[in-house]
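Open the model in your viewer and keep the selection panel at hand. The tour below goes stop by stop.

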Amino acid sequence: MDVSEDLARDYPPRLYPEGASILENKGINTNCRMGDIPDLIEAIGNDVWDNLKMYHVRLIARLAESKLVWSGKTVHYLLCRQLRVHKKEMWSVVGDQALRFSLIEFGEITGLNTNSLSEEKFEPGLENYKALWELLKVPLGCGPKLDELRPALLECRIWTSDQRKWLGLLFLQAILYGLHHNCRIPFESAKRVFDDEAMMSYPWGRTAYEILVDSIKLLNPQGGTYTLSGFKDVLLVWAYESVTVFRELFGRVVSPGEIPLFLWGGKRTRASFATTIAKEINDHGTVRVRKMVMKEALEDLFPQWIDEADDPQLDNLIRDIHADRFIREVKINEGETAVVEKKESAKEKGRSEAVLLNIVANLENLDRKFDSRLTEYDTKFGDFFRGLLDTIGDTVKATVEERLRDLGVVEPPSKIPIDKQSKDVMFSEENRQPESNSSQPASKTPIDNQTKDNQPQKTPDKGQSDKNQADDIAKADAKGMGAKLNSKFVRDKGIEVKKNLDSEFGNADATNADLVFDSLGNEAELKKKSRQEEAELKRKKRQEEAELKKKQKKKEAELKKKKKQEEADLKKKKKQEETDLNKDKNLSPASKRTRSGTIRIKILTEQSEAETDELLPESDVEEDERKRCGRIKEYRLKTIHLSPDGSQMSPEFGPSVPFLHIGDNVTTCMRKGFEPSPAIYDPVGPVDPVKRDNLLQHLKPHEETPYVEAHEDIEFYRIFITPRPWPIKEYGWLVESHITAYIRVLIRRSNQDPSLFWSKRIAFIDSWFLEYWIHDYRRMEAKPDAPKLKGSGFEELANGLIPKDLQTKLQWFTDVDHLYGVLNTGDNHWVEFHVDLRKEKIDCYNSIVGQVTRESELRMLNYFRPLTRVISAMLNLLIPANIRRPTNKEFAFRRRTRDIVPQNDLRGDCRVYALKFVECLALGVAFDGISDENIQGLRMKMAADIFAEGGCNFLEALG
């Protein structure tokens, strides 16, 4: 035997301690979309569908027809029992056996090409490529999303057969990769649909496997579920191929002679894996598995990946399995090893001790029970009966104490304090594992037991047999199944005890013995009486439950009646509103038609203001979301440190994954419910050095010009970039032209294709027009009939025609759901706002939040009255009543708390904060990184962006 075989082997530990996986007790979801196949066939036609089966991706077409029954429970069981490996593969533990899922297993199951991607670059024919991408409305250079392919199914019937074929191939790729419906297919594979040879030679297996295994590595439960991306059916077939008992019980062969993917039909697994694995070990001594697909040459067992991390522990495991070595010791935790045999011996001893303590406690309980039941016979037979019980008890007690001494327990159970006995006796409840984990033996990492069957078997002596039987009871008790699984053992032991008692009391007087059995015979009457009492209790309980149900029904009927009355009142109220609308010819109740036919805003009185004030509370944040936001904040604050010139001070900046991801666990910086644009950028990242140098070169000739005396173009940028202390008090305070210029930069970016922001249904409100808006509203308050909306700048703004030189032509509500901008709230303070046109609410993001009271909230609401009231009236005017019902209700208002909004302690930067809030919200990312420490660097970044994207003549353009 090799000397190394006697040493502890350094193998990968478990990814999580047994029973502590983050996936435990979670539901498994998948992104597979097999249900779209029938719609695809109907859309492209059967002739094109049959043509698709000549390509390698026909695998999906065949799988859809094979009707493989998905069992998420089986896959979930293996995902919860992973080893920690750093290479691009997965290992799971079943019983004490390690199973490998690598590119080799994936290729054997699917039959797909798993070779490395050719270094020769492939470019599709531009004419076909551009034409199809235009039909699909997909940006050039990007793969399509499933969400972009589905609408094409309704239009493709008039396309050419080639275009329908290409659409079908893209659809099959989307299902093969199993990505989220809003994620893009890899462009490298998507562009090959135009070339048959490129389709045939592409390594589909390698790409599909990489997506699947990356998804496994990044699984992150949200609430009570987690979602698996990739070709998930391969994992199920791998379970059938690798674990013998799984394929025997759940596999169901349907196509003999086929590749493994089509060999198995599977079935829904309702059996307990705990019971299945326990029975497997009991029947065969271990779990029968195929650890991995074997290769003759060792080097063939190591697939090559670019920039793959080294993993010596995994290499050891693969080499030893390939060499069929016997493993004496295994690594159970990071930094420590333990001998399995020694650990198992200690466990057996502890379990046997606990079993004996349980026996003693049960005997004491029986003694008390018999004592209470035989009280009525105590006068006549008490002396004899108690003497008999004492004799039995002493005999059993002596036997137990002798056994405990053999096991090394010094104190007999009778001398152990009651509280200590209780603690020891209850071990089986405190250490009970959930069923999902009970199928695993005590070992924490894989042990190769395949040579144990070759060891010589010893015939156990009687003492050893008793020890094993006690151990069986302990195991069953730990699983909560002792009474069920060991009934035969209990019966056998009962017979043995009876024989021992016969030999011990064989000379007892028969008459006295009969008295004992007579007293025991009366137990039937006691049981009968007990059953009658239980029946009476059940009857009373049923009667109480019936009365309770009757009361509940009565209560529900009253609630139903009350609800019906409320609905009737609501209908009556709505009917009255509709009558009022019809009287005013479908115009908003908030609008008033004058003799000239123009529509004007109705200004509410002070009395009606109190009735319409709607201050929304801060929404509750789920615990998982709170933790995720905490991780994002911790990471961003640690890594983003901008110098005054906008460059990155910290050499740690630049994580292993690009923005928008953070850290090794690939948490995204996106706000909850937001999907990133493919062209997203970091709003608080370092300045582009080229943009900064161009700006500084533009300002260099004016370095000697005193502050405030330079041309307004030069002074504009100086105010942005001059660091503290400022040469003149309040010199660095941004003015309205700065705000307008940066809003214009964001408007330009929203017009790019693809858009840089999280949605195309957003718009930015021009700051200069907003100033006119506020001024006009004050005139409305003073003279309600003066301003009008129809034919005014308000109508142009809502139709995307302002600013004049940057028209988006997107109409509010019809094309736009979200508005962003900044608002002056007096005293040179500015805040950011977000208007949700669908939910009819406005959120305010304030970088300087003082003491929060209802008065302070209402004071802030008053600054937003021009928006909460006028926007509602504008929508009443512009949007037809069949699309949006006119309403007299103004928009609700909420000021976000300081826990959500970064706070500005340095006086003079509130405008910079507000503009960065606008940018972050439009991108859908968190605010973390906007801070007083980084504010000067952000000023330089904003100035460089305006200079690069607005030009030196922006002031003339604004005019």
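Buried means under 20% relative accessible area, exposed means over 50%, and partly exposed is in between (1.4 Å probe, protein chains only). This is a predicted model: local features need pLDDT of at least 70, side-chain atom pairs count only at pLDDT 80 or more, and totals for chains, interfaces and linings use all residues. Residues are numbered from 1 along each chain as its sequence is written, and side-chain values use heavy atoms, with hydrogens and water left out.

**Stop 1: strand 14**

Select residues 841–845. This is strand 14; strands (E, at least two residues) and helices (H or I, at least four) are DSSP runs, numbered from the N terminus. Of its 5 residues, 5 are buried, so strand 14 is largely enclosed by the rest of the structure. K841, D843 and Y845 point one way, I842 and C844 the other way.

Two strands pair if DSSP finds at least two bridges between them. Strand 13 (residues 830–836) is antiparallel to strand 14, over 5 bridges. Look for F833 opposite C844. The hairpin of these strands has 4 residues between them, and there E840 takes a positive phi near 55°. Strand 15 (residues 892–895) runs parallel to strand 14, joined by 4 bridges. Here D843 stands opposite R894.

**Stop 2: the rings at Y845**

Rings of Phe, Tyr and Trp (its six-membered ring) pair if their centres lie within 6.5 Å; planes under 30 degrees apart are stacked, over 60 edge-to-face, the rest tilted. The whole structure has 33 aromatic pairs. Select Y845 and F927: the ring centres are 5.6 Å apart and the planes at 85°, so the pair is edge-to-face. Y845 is in strand 14 and F927 in the loop between helix 36 (910–923) and helix 37 (935–950), so the pair ties together parts 82 residues apart in sequence. Y845 is buried at 3% relative accessibility, and F927 is buried at 4%.

The F917 and F927 pair is tilted, at 4.7 Å centre to centre and 40° between the planes. F917 lies in helix 36, 10 residues from F927. F917 is buried, with a relative accessible area of 0%.

**Stop 3: a ring cluster and two charges**

Select F101, F106, Y209, F231, W238 and W305, which ring pairs link into a cluster. A charge sits over a ring if NZ of Lys or CZ of Arg is within 6 Å of the ring centre and within 35 degrees of the ring normal. The charged end of R206 sits over the W305 ring, 4.3 Å from its centre. Finish at Y77: the charged end of R81 sits over its ring, 3.9 Å from the centre.
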